[in-house]
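Here's a friendly walk through one protein chain, meant for someone seeing it for the first time. Have a look at the structure, then read on.

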Amino acid sequence: MNERRVLVAVSGGIAAYKIPELVRGLRREGLSVRCALTPAATRFVSPLVLQTLTGVPARTELFDTDEEGQIDHIALADWAELVILAPATAHSLARMAHGLADDLVSTVLLATRSPVLVAPAMNVNMWQHPATQANLALLTERGVRSVGPESGALACGWEGEGRMAEPETLVAEALRVLGPPSLAGETILVSAGGTREPVDAVRALTNRSSGKMGFAIAAEAAARGADVVLIAGPAALPTPAGVRRIDVETALEMRDAVQAEFANASVVIMAAAVSDFRPARASARKIRKEDLGDGEGIHLELVRNPDILAELGREKGNRIVVGFAAESHDLLESARRKLERKGCDLIVANDITRESAGFDTETNAVTFVWPAGDAEELPLLSKREVAARLLERVEKLRSARG
Ligand code: C5P
């Protein structure tokens, strides 16, 4: 539950034989570990051993459909909160320094936005070569952290600097870089999905929301160490690890559930597409066309549902309250009005007419709209990545408030 996620990227050097020990050490600390290997690395350490120790297949190929089907290379890069390149050969450091991306390991290293820790290991002369030193200097300047190498007898027969740092040293450094979970101590209430407003015993008014955005936020918040309560409208999605889920159907049920959890929450994120209207009366029995006159229709009277977010905004106190605005036109203007009217600290606006964004898609293109009116437009991202960017903003708001 709430495990921190570390990707161990292995390049092809003799020190790769120590990687199973590194993986075991990381697992002992309660971290979730995945492995990616270069083709050369598979000659020094068996992917099967790493699969057994991590509980998930070790990835070796960039374009293998089976492997990509499990978790694609960009998803793998996004998944990792820390990437450890160990052993980091002279060649893999050179490729990384120059932004090459022609295999799985180099591609993930280029795609990740998380901290990268490298553990150089090579022959002493290769290590001391100005090319290697210049490459490492470039990487260090870009924020890559390195541990080792240590001095001693090298597998190639030489003595000197070039031994990979010991697995326990790398584990300690990994824990230091990861730091405490960024949302530890927060209780985050997330609403997700659409609501379903009954018309009769079989029919309902609803919308096309799949719940994917809200579920991604809940998963990401739990991974960042928050206590998460997810209030979900009907959604065919699995409950993310470490999340307490409350299922509801109607807007009124969602309001009751949100109100009941609100007192304990420090952050509220309303990603649900709450129905603004419900039928004034729901028939307990199925409305049958046979019961109507020939060609006769029915009139549905709709009444307004409470605006849950606006209610919360009025009572929010020191809580951080985030709303969503799905719009088909006048995106920013409408989002700014909503932010004001609903008392939010931030509105996540998205244009539902854009392809691959909005309802029932895997990706989303959103703009963060702030109380001063500033708008921050994000590129098209996976919903999990949008969740990560959103929670980064929540963390900043929290630390600004002290
Ligand atoms: O007004 P609109 O529905 O566009 O506002 C969207 C935001 O308000 C979302 O965060 C949604 O969860 C919330 N909302 C609500 N209760 C409603 C309607 C919307 O909390 N009845």
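This is a predicted model: local features need pLDDT of at least 70, side-chain atom pairs count only at pLDDT 80 or more; totals for chains, interfaces and linings use all residues.

Residues are numbered from 1 along each chain as its sequence is written, and side-chain values use heavy atoms, with hydrogens and water left out.

**Two domains**

Let's start with the big picture. Where they meet, four residues of domain 1 are in contact with seven residues of domain 2, contact being heavy atoms within 4.5 Å. Together the two domains bury about 390 Å², with 22% of it on carbon and sulfur atoms. On the domain 1 side, Arg5, Asp78 and Arg113 lose the most area to domain 2, together 91% of what that side buries. Buried area here is the accessible area (1.4 Å probe) that two parts lose on being put together, summed over both.

The count between domain 1 and domain 2 is one salt bridge, meaning a side-chain nitrogen of Lys or Arg within 4 Å of a carboxyl oxygen of Asp or Glu.

**Helix 11**

Now for a helix. Helices (H or I, at least four residues) and strands (E, at least two) are DSSP runs, numbered from the N terminus. Helix 11 (residues 251-262) has twelve residues and reaches 16 Å from its first C-alpha to its last. Which of the residues of helix 11 are buried? They are Ala251, Met254, Ala257, Val258, Glu261 and Phe262. Seen down the axis of helix 11, these buried residues fall within an arc of 135°, so they line one face of the helix; the arc is that of the directions from the helix axis to the C-beta atoms. Asp256 and Ala260 are exposed, on the face of helix 11 turned away from its buried side. Buried means under 20% relative accessible area, exposed over 50%, and partly exposed in between (1.4 Å probe, protein chains only). The packing partners of the buried residues of helix 11 include strand 8 (187-192), strand 12 (243-247) and helix 12 (308-314).

**Salt bridges**

By the rule above, the count comes to 32 salt bridges. Here are four of them.

| Pair | N to O distance |
|---|---|
| Glu385 and Arg113 | 2.7 Å |
| Arg163 and Glu166 | 3.7 Å |
| Arg244 and Glu261 | 2.9 Å |
| Arg389 and Glu385 | 3.3 Å |

Arg389 and Glu385 are about one helical turn apart, being four residues apart in helix 14 (residues 383-401), and both are buried. As for Arg244, its relative accessibility of 44% counts as partly exposed, whereas Glu261 at 14% counts as buried.

**Two threonines**

Thr89 sits in the loop between strand 3 (82-88) and helix 5 (90-97). Is Thr89 buried or exposed? Thr89 is buried, at a relative accessible area of 13%. Not counting residues up to four places away in sequence, Thr89 touches Ser11, Gly12, Gly13, Ala121 and Met122. Thr239, in the loop between strand 11 and strand 12, is partly exposed, with a relative accessible area of 40%.

Technical notes: The expected span of a helix is 1.5 Å times one less than its number of residues.
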